[in-house]
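This briefing goes through one protein chain, starting from a single residue and widening to the whole fold. Please keep the sequence and the structure in view while reading.

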Amino acid sequence: MKDVNKLNNMMRKLIKIERITKKYKNYAVKDMEINGRDSQFLICINHDEGMTQEKLAERLCIDKSAVTRRMTSLTEKGYVERKKNPDDKRSIQLFLTEKSKKIMPEIRAVGINWNNYLLSDLTDEEQKLLDEFLEKVKLRAEKWQELNESDIKTK
């Protein structure tokens, strides 16, 4: 029973960190006419311009329809350009516009500043250990996802 409580406590902490991070990002980008979630999409596209909407959904672990809605919004605001994939007419490739490229340094700074703030009380060694532990937990979660992918997609 104690192990279950430890796990629940750990999960609650991770969820709380994620929720506060969302609030911080929304606050930090409020003057850019985007929200924190939008910034996450733009950063991901910036790392791999021309990626498909499907690949973006996989990378962010979200539903394809949520990506489509967000891309429609970002396209209407002038931050993303969507083009048919010349290699596969059924898929859509994503590109940043000049408007979004102009704010990318500010968006990156938001993430860097937040990470620095969160980790400021940790030594370099503690930061390294935290990263290693989180990587192990992430890999375990991805393993579960991989093993259950067909069940997840059909529901």
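Leaving out residues up to four places away in sequence, Thr75 touches Val80 and Arg82. The model is a predicted one.

**Thr75**
- Thr75 is found in helix 4.
- Its relative accessible area is 30%, which lies between the 20% and 50% limits, so Thr75 counts as partly exposed.
- A polar atom of the Thr75 side chain lies 3.4 Å from the backbone oxygen of Val80.
- Thr75 and Thr97 are 22 residues apart along the chain, and their C-alpha atoms are separated by 9.1 Å.

**Val80 and the nonpolar core**
- Not counting residues up to four places away in sequence, Val80 touches Leu42, Ile45, Met71, Leu74, Thr75, Leu94, Phe95 and Thr97.
- The largest nonpolar core has 22 residues, and Val80 is among those with the most contacts inside it, together with Ile34, Leu42, Ile45, Leu56, Met71 and Leu74.
- Two or more residues of this core come from each of helix 2 (36-47), helix 3 (53-60), helix 4 (64-76), strand 2 (88-96) and helix 5.

**Gln53**
- Gln53 is found in helix 3.
- Gln53 counts as buried because its relative accessibility, 12%, is under 20%.
- Apart from neighbours within four places in sequence, the contacts of Gln53 are Val67, Thr68, Met71, Arg82, Ile92 and Leu94.
- The C-alpha atoms of Gln53 and Glu76 are separated by 16 Å, with the two residues 23 apart along the chain.

**Helix 5**
- Helix 5 covers residues 98-119, a run of 22 residues.
- From first C-alpha to last, helix 5 reaches 32 Å, close to the 32 Å expected at 1.5 Å a residue.
- Helix 5 has a kink of about 45° at Met104, shortly before the proline Pro105.
- Met104 is also buried, as are Ser100, Ile103, Ile107, Val110 and Trp114 in this helix.

**The chain as a whole**
- The chain has six helices and two strands, in the order α-α-α-α-β-β-α-α along the sequence.
- Its C-alpha trace spans about 55 × 40 × 25 Å along the principal axes.
- Of the 155 residues in the chain, 23% are buried.
- Among contacts with a separation of 6 or more, 50% join residues 24 or more positions apart.
- The accessible surface comes to about 11500 Å², and carbon and sulfur atoms account for 54% of it.

Notes: Residues numbered from 1 in each chain as written. Predicted model: local features only at pLDDT ≥ 70, side-chain atom pairs only at ≥ 80, totals over all residues. Heavy atoms only, no water. Helix = DSSP H or I, 4+ residues; strand = E, 2+ residues; numbered from the N terminus. Expected span 1.5 Å × (residues − 1). Bend = angle between axes of the 7 residues up to and from the residue. Buried < 20%, exposed > 50% of the residue type's maximum accessible area, 1.4 Å probe, protein only. Core = buried A, V, L, I, M, F, W, Y, C linked by side-chain atoms within 4.5 Å. Contact = heavy atoms within 4.5 Å. Polar contact = N/O pair within 3.5 Å; in protein donor to acceptor, adjacent residues only side chain to side chain. Areas by Shrake-Rupley, 256 points an atom, 1.4 Å probe, with all protein chains shown as cover.
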